[in-house]
Amino acid sequence: MDKIKIAIVGAGLGGLTSAVALHKKGFNVEVYEKAQDFRPVGGGLGLLPNGSKILDKIYPGIVEEIKNLSCHVKETVLKNTQGENILTRRSNRFEDNYGYPLITVWWWRLQQTLASKLPTNMIHLNHRCTGFSQDNEGVDIYFDNQEESKKTIRADLLIGADGIKSVVRRNLIADGEPRFLNSMSWRAVIKSDQELISPEQMSFVRGHREFMYLLNVGNGEIAWLYRRKSEDYSLSANKDEAKSRVLEQIAEWGKPLRSLVEETPSERILEGGICDRLPIDYWSKGRVVLLGDAAHPMAPAAGQGANSSFEDAWVIAESLSNASSISEALTNYEQRRIPRLKIIQTRSARGEMRYYETESEKLEREQQEPDEMSAEEFGQFVHNSPI
């Protein structure tokens, strides 16, 4: 099947990783992205051992390249809301147990690294997908863009990697809007000379029904991420209001933490609700299949959004390489991925709510509803993946 034409909608981390994996296996791949350019966007994320292992399988040596653009975390620090250190721990368990360290990196920088592994003419920007139709011979993908000749693209297979608000999923499954998890998020990446954390640290600040992560992401840049429990999903009217909203919420926090937000340009702050979807039993119909957040959007509590997308990319490329038909390949892909992702999605949703528990609530929950899988067992399940 190496001659089939594959169209990927979405040039995020999952879409680009899939394109790299399929391109290296000789497939004819084209990527279509609604953004007009690759501008510096996104927050910080953790590249975990299961993700690193897969990226190195797809493109040997890429993890070392990413390390040079990011932070190899060697210590984690728990702080109070005044910015004072409460507990510092060596962060070597990932490397010791699974062979890869915890790496914190800017989403945009990781996107650019993946894009650099593809021919430039393979990625088509300013292509906003509006839908598709398919028949026994192929799939037509429709776009809203300026070039009349490219408003419809014909392919043998469409991979929807267009995120939690996926247009492909909406047309394929039609299961409504994502589920809001009563958690609001504000995040940004900025150049900063603040001494809140050292170059090889990441930090977690715990408040009451709120918390903040501080991540070094390389190049003297810090990613901060503030989350707060909230039943209100309303967004700010503009970027300045979003910044003011965060500063109002952390008004009683220590000056070093407030200063980090104060020095952040309003236009760099990303605001949104934490959402997911319930797991489903299928990700494909005919010649159309979902991948990454389009297939299994999850809360970020377990850090598996991007990392599980890398796994998807590897498996779909392997499945297409080893199958005699698209139908056989997609069946194999779903059988290998869906049972695993159901567990990760469910666990991630629970983890999001547990961020906001008080100690008494945690104790009561552990007495009434003991976990079927401990945190250690879940880590082994995720990072010792047989993929």
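## Exercises on a predicted model

**Exercise 1.** Which residues of strand E11 are on the covered face, and which on the uncovered one?

Solution. Take strand E11, residues 152–155. Ile 153 and Ala 155 form the covered face. Thr 152 and Arg 154 form the uncovered one. Helices (H or I, at least four residues) and strands (E, at least two) are DSSP runs, numbered from the N terminus. In a regular strand, side chains alternate between the two faces of the sheet.

This is a predicted model: local features need pLDDT of at least 70, side-chain atom pairs count only at pLDDT 80 or more, and totals for chains, interfaces and linings use all residues. Residues are numbered from 1 along each chain as its sequence is written, and side-chain values use heavy atoms, with hydrogens and water left out.

**Exercise 2.** In which sense do E10 and E11 pair, parallel or antiparallel?

Solution. Strands pair if DSSP finds at least two bridges between them. E10 (residues 139–144) and E11 have four bridges, in the antiparallel sense. Val 139 stands opposite Ala 155 in E11.

**Exercise 3.** What is the strand order of the open six-stranded sheet?

Solution. The order is E8-E2-E1-E12-E19-E18, with mixed pairing. E8 (123–124) and E18 (284–285) stand at the edges with a single partner strand each, so one side of each has no neighbour in the sheet. Inside the order, E12 (residues 157–160) and E19 (residues 288–290) pair in the parallel sense over three bridges. There, Leu 158 stands opposite Val 288.

**Exercise 4.** Is Ile 190 buried or exposed?

Solution. Ile 190 lies in strand E13 (residues 179–191). Its relative accessible area is 5%. Buried means under 20%, exposed over 50%, partly exposed in between (1.4 Å probe, protein chains only). So Ile 190 is buried.
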